[in-house]
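Me: I am new to this structure. Please show it, and let me ask a few things.

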Amino acid sequence: MKLATWNVNSLAVRLPQLLAWLQANPVDAIALQETKLTDDKFPAAEIEAAGYRAQWFGQRTYNGVALLSRGDVADVVRNIPGHDDEQARVIAGTLGDLRLIGAYFPNGQAPGSDKFAYKLRWIEALRDWVRSELAAHPRLVLMGDFNIAPEDRDVHDPVAWAGQIHCTDEERAHFRDLLAVGLVDAFRLFDQPPKSWTWWDYRNLAFRRNQGLRIDHVLVSEALKPQVLACTIDKAPRKAERPSDHAPVVVELGD
DNA sequence: ATGACTCCCAGTGGGAGA
């Protein structure tokens, strides 16, 4: 079984690339972030024609998430129950005996800003909810754009990024608190090439220079950890014409 | 270097992203 997460930075723009990627990488499920579409504009027909069922939850201009899967998902949840939020950032569903949660974490803009405070509160609410989800669903995957580079080795220039958004001690502590509910970073279960990133700035020839951050993650529950066979970043879509600034992350689970 | 690019909604510019 293969799962993926990809911040597409506008599904309206990236739909052809998504469909091509799914044809080349027929994963069992994929979580999408930054669809930037109201629900009435979601391209459900095109996605169904490509062989995927879809659940979606969006809004105009910003945010928006979706969960695509080969089979039907059950018990779909949109956003964090009990956490009032105008922003469409979470979609969850159960595929077989796997609980899948796709999330688009707030950017946070700058340490000390209102958006930064919102980011931290949002992560705390997510953590509390994921803890309860884990109790009900031991086989759980939390994947998406976390907007956090967990360690310095996830940053192309840790000195320049020190204390900057995505790299602050507070964000990293919140990431560790999330792991502490019983999750593990699937990417770090394996030896990985140095300078592995999932996002590269559109500016500065950042992709060509491989100047990026690893901010998109797949976290698996302790119960799933023994079944993780591989976790990789697919840089190919970042080389396309009009790419998203993020690359997909793919995880393979054994039986 | 308070830059750079891309997307969106706007409307011939500006906010946000990361």
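Me: Which residues form one aromatic cluster?
Reply: This is a predicted model, where local features need pLDDT of at least 70, side-chain atom pairs count only at pLDDT 80 or more, and totals for chains, interfaces and linings use all residues. Residues are numbered from 1 along each chain as written, chains are lettered from A and ligands numbered from 1 in written order, and side-chain values use heavy atoms, without hydrogens and water. Rings of Phe, Tyr and Trp (its six-membered ring) pair if their centres lie within 6.5 Å; planes under 30 degrees apart count as stacked, over 60 as edge-to-face, the rest as tilted. The cluster is Phe105, Trp122, Phe146 and Phe175.

Me: Are the planes of Phe42 and Trp56 stacked or edge-to-face?
Reply: The structure holds six aromatic pairs. Phe42 and Trp56 have ring centres 4.4 Å apart. Their planes are at 5 degrees, so the pair is stacked.

Me: Is Phe42 buried or exposed?
Reply: Buried means under 20% relative accessible area, exposed over 50%, partly exposed in between (1.4 Å probe, protein chains only). Phe42 has 9%, so Phe42 is buried.

Me: Where is His174, and which residues is His174 in contact with, leaving aside neighbours within four places in sequence?
Reply: His174 sits in helix 5 (residues 169–179); helices (H or I, at least four residues) and strands (E, at least two) are DSSP runs, numbered from the N terminus. His174 is buried, at 13% relative accessible area. Contact means heavy atoms within 4.5 Å. Beyond those neighbours, the contacts of His174 are Leu120, Ile123 and Glu124.
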